[in-house]
Amino acid sequence: PATYVSPTFLRCLTPPAKTSDLCTGTALEVSFRPDTWTRNRILLYRVPHVTILRVEPDQGFFDQGQMVTLTGLGFLDTLHLAASVTARGHAVAIPRCNVTYVSATEIRVWRPPTPAPFPPPSYIKVTLDGQVHSENLAQYAILGLPTALDLAGGLSYTYLAASVTRLTGIAAYSVDRNGLRFRGLDPEVREVTATLRPMAAQSTPEVLQNGSALMAAGFAALEGLGVPTPRAGEYILALSAPGLAGVSARVVITEGHPARLYFLVPPATEAGRGPLQPQPVLGVTDGAGNKLRGQSTGLGPLVASVVPAPPEGVWQWAVRAKDAEYHFGTYGVDGLIGFATRYGVDYHLNFSLPMQEGEGQQVILLLSPRIVAKSCGRSEFWRLGDSTCTACVPGAVCNGSNTLVTARNFWRTSVTSETFVECDSEERPCLANATTGACRYSFHGPLCALCIEGHATKSCQPCGSKFRSILDFLLTVLILIALTAIAIYSGILKEELSEAQLKYPLAPTLKILITHCQTLGVLSELFPLIKDHFSGPLDVISMSVPVWTIDCAVPGLTIYHKFLAQMLTPIIAVFGAIWVVSFKVTHGWRSFNYGMMMHPEQVEKVQMRLFTRGKKYYQLIMACFSITFFLQYPTLVETAISLNSCRTFDFGTHITRLLVMDLSIDCDSAEHRRQQNLSIILLLVYGLGIPIGIRTLGFWVGVLRGHEEEDITFMFLRKGYSDQYPYWELTSMVRKFVFIMVVTFLMDREQKNWVAIWAMYAFLGLQVWLRPFRRAVMNTMEILSLSVILVSLNMALLWSSDLIIHDSILDLALRITLAVLQGAFAVVFVSILGYLAHGFVKTHPLAQTFLASFQKWKQARQTVGTIQATKSMRRRRKTGLHDGGVSNGAAFGRPASASSTSTLSPLEPPVPPSWSNLVIPAPSQVRVDPASFTRPGIPSDISSRPLAWMELAGLRLRVEAAKVQLADAPARPVRKLAKPRSPSGHGQQDPL
């Protein structure tokens, strides 16, 4: 067992031994005699066979080195640990330096590049001692470049024909020249395309479903590959990919199971009592449409049933197959199909073919085309289940079927309703020939009464640009505020009827014109011309923002938002009252100390020059509110009433109450009831509260303050009326209230027109009888206004009674006549207003004062120039120093005298707007008594300030070469500064 080599070297052959699981080794001892052994205790480790369980990755390219992880059993970190890859005629050794021991179950091997790919099969082996290798065959493929495609399932396939024959199991690999498949190592992505061509020469390829797939990592599965309705026969399936050789396979498609029935002769589409003519004949096909001919074996009887079953008579028939065909009514009376029908019911013959077990399907069904009763006439329709036809309903267009469509300008809620509601007769927004209500462009909603976003007005015209819409809205609001401000200014300015007012009643004439326009605006619904072309200006005159400007500027607002906004518009009176009271308190926006430093008589004189005319605060507040409420009264009442105007609609399927202002709102909804309750409260507050409140306040002011103050307080409303009827303007409010109620709550247009005529007759008679105006010409103008409206209402009867067709010649003539009538009235009123305005201005004291000031300005302009003359006039207005002037003594508590008046030089510097300017000319001497100044903040050392500008309780005094001394104090000269700054602080030098 041992060979002696030298004194220091022996070669031994160890016998087979069982490997220890603990790898502790076995002691190797040497014996030269049978009973004598060495005791060196040198361990010999017996290396076991290695078992490779998994190779990752299990393939790689020949020209690239690769790290391979081997997982198995029995790995040891030995000196001779090595690996190799072998194949038939090929081998590559992997030395110890390229093998990394990880654990007893894992090592890592660096496989070096090879000159060429290995033919299959190739294996990887591991040795621990360099002699004994692993015995299990762990495959590891060394691949070349991909050169061709290979089918995964072989080269022959067989399928049964179906509606879509699925070619299952078709998958392709990319392979190298040795036929090795690339499983994840092919880096390229290719598109694999399949084609299916019949065996016949020059045949057209079949259309494939999902006929292509992407090949990634060397594999492509053509999942879902199918042939729609293929004919039975042989085909060639070819797969191709760019850069690779293709592959082909044989595909055989055989006739499938019976799957469909088809009509050789379809049944009749109309029926009555008696047999159908013609009777149906049916055949059988497979799922792909291949007709089964002569294959009656296994085909059961075909059953025909009527769906739905008729109320009486036979409803089911059966026949047997002959040559795979079923003929009804040919082989006996039992198979003769015939049944009774009713209008409105679609009948079908349901053919069912029971199949034997194991033939794929249990029942094959075929439903015939619908079979109906004979059609009705063009002017008739049928109802479901009726045996007779029905005449067409109003507003509908019939076509002899159960389908009703709308006539022009009619609305229908649903296809189940037989009620057609007429839409707006003027705009005609509803389209014809629609099964349900359809609208013209820019209209939508119930009865097409609403506008789509970006459109407004009743005719739903485009709004234009967003900027233009917002600008129109803001301009309208500014106009309303300006009109209110002008009315408040005009109403407060007049405290009593002057001779000019009595002779030229300008304000009462304006009120008559405003009332006329507001009445036309309320009744505009009865006048197409006014509603179409003048609704916007009339809304502005009625102190209402036109709805179209709101819809265009702020889209998305609901009717409730607009209602609340309109109800809050009287808040303008609050701001107006604050502005007027502030104007009075500050003596025309002057400093508060201006009044404190002036004599009471002079303060009263300045107050009388203001437009407030010395009125008391409560008078100014009442005037602001009464004027605002007078202007906004029609709009407030009309808006409050509009939420209570509902109309009942019978849509056939249901009856509902919709808001006239917005037909998308249900009047019976909880939300609307809440808003309606609020509108009723505001209607009482505004509609009745304004007239009653004004009259009540007037009564108590007359009782507590006297009738003179009552006249001054409510001069705007009482102006122009006789003392017998001072509050006749409240009658005009009641008239507007009545017309608003008539227009809102009466739904029938003709009835609405008649009631408005009767009410106008009543108010006209009352005007003629009482003649409430002070002057006869005013009564005549009011009668003329009411008469013009009355004549217009009588003309409107022709529209409301439908005697005139819209857009006809008579309609145009009537519109022109109405326009001429209103235009003539406007010309007469404008002429009268021009005459009154000319006389009023010519005789009014303020106008005369203005003309006198203008003459003085012209004289000063010739002397000192335009700029200085204008500045001088501005200072006169700000300081109150007009022709009467403020005397030196009056400024400091002493009465003014005629000899002490002073005028301003045109060369005076501009006065700062936040200060009052009092000028003390030299060489006069002024005595100031400190005891007369009781306001806090007056400096105690006032006499010790040698300045050209002094401050006394916030009042600046301008001193010109004078002496200022305190009472009982020694006189002290005032040193004049060389270059004092102007009081405005802008660095301008004082010319004095």
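Which residue in β12 is the bridge partner of A87? In this predicted model, the bridge partner of A87 in β12 is S122. The pair belongs to the contact between strand β8 (residues 82-87) and strand β12 (residues 122-127), which run antiparallel and are joined by six bridges. Both strands are part of an open sheet of four strands, ordered β9-β8-β12-β13, in which the pairing is antiparallel. Strands β9 (90-94) and β13 (138-139) stand at the edges of this sheet; each has a single partner strand, so one side of each is left without a neighbour in the sheet. Strands of a sheet pair through backbone hydrogen bonds, in either the parallel or the antiparallel sense.

A further open sheet of four strands has the order β5-β7-β11-β10, again with antiparallel pairing. Its edge strands are β5 (51-56) and β10 (99-103), each of which pairs on one side only. From one strand to the next, the twist averages 25°. Strand β5 pairs with strand β7 (residues 66-73) in the antiparallel sense over five bridges. Within this pairing, E56 has T69 of β7 as its bridge partner. In a regular strand, the side chains alternate between the two faces of the sheet.

Antiparallel pairing is also found between strand β42 (residues 646-650) and strand β43 (residues 655-659), where five bridges are formed. R647 stands opposite L658 in β43. The two strands β42 and β43 form a hairpin with four residues between them, and G652 in the turn has a positive phi of about 90°.

Several loops contain backbone geometry of note. Most residues other than glycine have a negative phi, and most peptide bonds are trans. A cis peptide bond joins Q277 and P278, with omega of about 5°. P278 is placed in the loop between β25 (258-265) and β26 (281-286). Another cis peptide bond, with omega of about -5°, joins V307 and P308. P308 is found in the loop between β27 (302-307) and β28 (316-319). R428, a residue other than glycine, has a positive phi, near 50°. The position of R428 is in the loop between β37 (421-422) and β38 (443-444).

The helical part of the chain was considered next, together with the database annotation. The unreviewed UniProt entry places the feature "transmembrane region" at residues 470-492, 563-583, 617-635, 680-704, 725-747, 753-770, 782-800 and 812-836. Of these spans, residues 617-635 are 100% helix and 0% strand in the model, and the end C-alpha atoms lie 28 Å apart. Residues 725-747 are 74% helix and 0% strand, with the end C-alpha atoms 36 Å apart.

Helix α11 (residues 617-642) packs against helix α7 (residues 559-567) at an angle of about 150°, with the axes 10 Å apart. Angles over 145 degrees count as roughly antiparallel, and α7 and α11 are therefore roughly antiparallel to each other. Their crossing is left-handed. The contact is made by F563, Q566 and M567 of α7 and by T635, L636, T639 and A640 of α11. By class, the contact of α7 with α11 has four nonpolar, three polar and no charged residues.

Helix α8 (residues 571-585) also packs with α11 at an angle of about 150°, and here the axes are 9 Å apart. That angle makes α8 roughly antiparallel to α11. The crossing of α8 and α11 is right-handed. On the α8 side the contact is made by I572, A573, V574, G576, A577, V580, V581, K584 and V585, and on the α11 side by Y617, L620, I621, C624, F625, T628 and Q632. The contact of α8 with α11 has 12 nonpolar, three polar and one charged residues.

Helix α16 (residues 749-770) and helix α17 (residues 776-800) pack at an angle of about 165°, with their axes 9 Å apart. This makes α16 roughly antiparallel to α17. The crossing of α16 and α17 is left-handed. The residues of this contact divide into 16 nonpolar, six polar and three charged.

Conventions: Residues are numbered from 1 along each chain as its sequence is written. This is a predicted model: local features need pLDDT of at least 70, side-chain atom pairs count only at pLDDT 80 or more; totals for chains, interfaces and linings use all residues. Side-chain values use heavy atoms; hydrogens and water are left out. Axes are lines fitted to C-alpha atoms, for helices over the stretch in contact, and angles run from 0 to 180 degrees between N-to-C directions. Angles under 35 degrees count as roughly parallel, over 145 as roughly antiparallel, 65 to 115 as roughly perpendicular and the rest as oblique. A crossing is left-handed if the near helix is turned anticlockwise from the far one by less than a right angle, and right-handed if clockwise. Contact means heavy atoms within 4.5 Å. Ala, Val, Leu, Ile, Met, Phe, Trp, Tyr, Cys and Pro count as nonpolar, Asp, Glu, Lys and Arg as charged, and the others, Gly among them, as polar. UniProt positions are given in the numbering used here, feature names are shortened, and annotations may be inferred rather than shown by experiment. Two strands pair if DSSP finds at least two bridges between them.
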